[in-house]
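Q: Please take one part of this structure and go through it closely. I would like to know how it is built and what it is connected to.

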Amino acid sequence: MPSRNRIYIHRRRAFEQQGGRCYYCGVRMWLTTPDEISSDPRRRPALEKLRCTAEHLVAQCEGGGHTAQNIVAACAHCNQTRHKLRRPPEPLAYRKHVGRRVARHAWHQRWVYDLGLTAA
Ligand SMILES: [Zn+2]
């Protein structure tokens, strides 16, 4: 099976297992269309950050595979921010860091908190 298809399957599985919430920040993500969160066209660009992505806990370049054990669902914002860092932190350390920022409402844009999208 092409790896792209496997990633798609794992992403959906992880999304469902995690109740549609990001592994790192707990925000409600969307899987197929941003309308799952909000159909407000003004939020369209920002909603791209809440897209569900497949996050490899062990990076592919470090030997991590496209396996159920290695793939979690993370919002595009958390995924991209982690990999933009020069030395991406370990998943659990990053999760702690993100959790502290979310608690201070200092991770996502304000409307994300206002809509209660980070509340468990
Ligand atoms: Zn996130």
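A: Cys22 has 5% relative accessibility and therefore counts as buried; the cut-offs are under 20% for buried, over 50% for exposed and partly exposed in between, using a 1.4 Å probe and protein chains only. The model is a predicted one, in which local features need pLDDT of at least 70 and side-chain atom pairs pLDDT 80 or more, while totals for chains, interfaces and linings use all residues. Residues are numbered from 1 along each chain as its sequence is written, and side-chain values use heavy atoms, with hydrogens and water left out.

Cys22 is one of the protein donors of the zinc ion: its SG, with the SG atoms of Cys25, Cys75 and Cys78, lies 2.3 Å from the metal. Donors are N, O and S atoms within 2.8 Å of the metal (3.2 Å for Na, K and Ca), and a site may look incomplete because water is not among the atoms. The four donor atoms subtend angles of 104 to 116° around the zinc ion, so the arrangement is tetrahedral, a label that requires all angles to lie between 85 and 135 degrees. In sequence the donor residues follow the spacing C-x2-C-x49-C-x2-C. Cys22 sits in the loop between α1 and α2 and Cys75 in strand β2, so this pair ties together parts 53 residues apart in sequence. Helices are DSSP runs of H or I with at least four residues, strands are runs of E with at least two, and both are numbered from the N terminus. Cys75, at 0% relative accessibility, also counts as buried.

Leaving out residues up to four places away in sequence, Cys22 touches Val27, Met29, Ala73, Ala74, Cys75 and Cys78; contact means heavy atoms within 4.5 Å. Cys22 also belongs to the largest nonpolar core, which has 28 residues; Cys22, Cys25, Val27 and Cys78 touch the most other members. Such a core is a set of buried Ala, Val, Leu, Ile, Met, Phe, Trp, Tyr and Cys residues joined through side-chain atoms within 4.5 Å. Elements giving two or more residues to this core include α1 (3–17), β2 (71–75) and α4 (91–103). The largest share, four residues, comes from β2.

The buried residues of α1 are His10, Ala14 and Phe15. Seen down the helix axis, they fall within an arc of 135°, so they line one face of α1; the arc is taken from the directions from the axis to the C-beta atoms. These buried residues pack against β1 (52–56) and β2. After α1 comes Gly19, whose phi is positive, near 60°.

Terms used
Tetrahedral: all angles 85-135°; square planar, octahedral: opposite > 155°, others 65-115°.
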